[in-house]
Amino acid sequence: MIFPVPLCVPITWSIDTTGLSHPGRTSVAVGRAFDEWSAATGLRFQWVSSGGRVSAVFHPVDPRWLAYALEDVIVVDPVVANAVSTYQREVVAHELGHVLGLPHGGPGLMGGNATHVMPIDGQAVSIQPCD
Ligand SMILES: [Zn+2]
């Protein structure tokens, strides 16, 4: 979904960490994903405690995907929430790219296949100008 708002208007986001083992750590990682897109695009994202325009929720997801975006909802498997923060951020950043209207493609965060954001070596995948 592409948001029909001026860049100066913040897009609110919220996260539901119900049931997660480390909600604080996950919240920080998800926040970094929003911050990264903000830095890359100029869009302003603003956290709200609930009811954000974009929301991240944690529910079991098909293990082939681990996460998906459904319009403005980012659904992430709790398995991801137990992974390292870098991976959490990458997964959410990838799905946020879909929320912003981007398809898969290119060598960066939006490229590859369903497992492309797995940071096997612990290296972060950054948002590239072509993302
Ligand atoms: Zn994707």
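Begin by selecting strand 4 and strand 5 together, which pair in the antiparallel sense over 4 bridges. What you have open is a predicted model, and the mean pLDDT of its chain is 83, with 79% of the residues reaching 70 or more.

Now widen the selection to the sheet around this pair, an open sheet of 5 strands with mixed pairing, whose order is 2-1-3-5-4. At its edges you will find strand 2 (45-47) and strand 4, each of which pairs on one side only. If you follow the sheet across, its neighbouring strands are turned by 20° against each other on average, direction ignored.

Return to strand 4, which covers residues 67-70, and select Tyr68 within it. Which residue of strand 5 is the bridge partner of Tyr68? The partner there is Val75, and Val75 is also among the residues that Tyr68 touches, together with Val61 and Glu95, when residues up to four places away in sequence are not counted. Is Tyr68 buried or partly exposed? Tyr68 counts as partly exposed, because 16 C-beta neighbours lie inside 10 Å, whereas a buried residue needs 20 or more.

Next select helix 3, residues 85-99, whose 15 residues reach 21 Å from the first C-alpha to the last, close to the 21 Å expected at 1.5 Å a residue. The buried residues include Glu95 and Val99, and among the others are Tyr87, Val91, Val92 and Leu96. To see what covers the buried residues of helix 3, display helix 1 (23-41), strand 3 (54-58), strand 4, strand 5 (73-76) and helix 2 (78-81), which are included in that cover. Just after helix 3, stop at Gly101, which takes a positive phi of about 105°.

Then move to helix 1, which lies across strand 1 (11-15), strand 2 and strand 3, and which runs at about 160° to strand 2.

Finish with residues 114-124, and read this stretch with caution: pLDDT stays under 50 over these residues, for which the model has 16 contacts beyond four places in sequence.

Note on methods. Residues are numbered from 1 along each chain as its sequence is written. This is a predicted model: local features need pLDDT of at least 70, side-chain atom pairs count only at pLDDT 80 or more; totals for chains, interfaces and linings use all residues. Helices (H or I, at least four residues) and strands (E, at least two) are DSSP runs, numbered from the N terminus. A residue is buried if 20 or more other C-beta atoms lie within 10 Å of its own, exposed if 12 or fewer, and partly exposed in between; C-beta atoms are placed from the backbone. Two residues are in contact if their C-beta atoms, placed from the backbone, lie within 7 Å. pLDDT is the predictor's confidence in each residue, from 0 to 100. The expected span of a helix is 1.5 Å times one less than its number of residues. Two strands pair if DSSP finds at least two bridges between them. Axes are lines fitted to C-alpha atoms, for helices over the stretch in contact, and angles run from 0 to 180 degrees between N-to-C directions.
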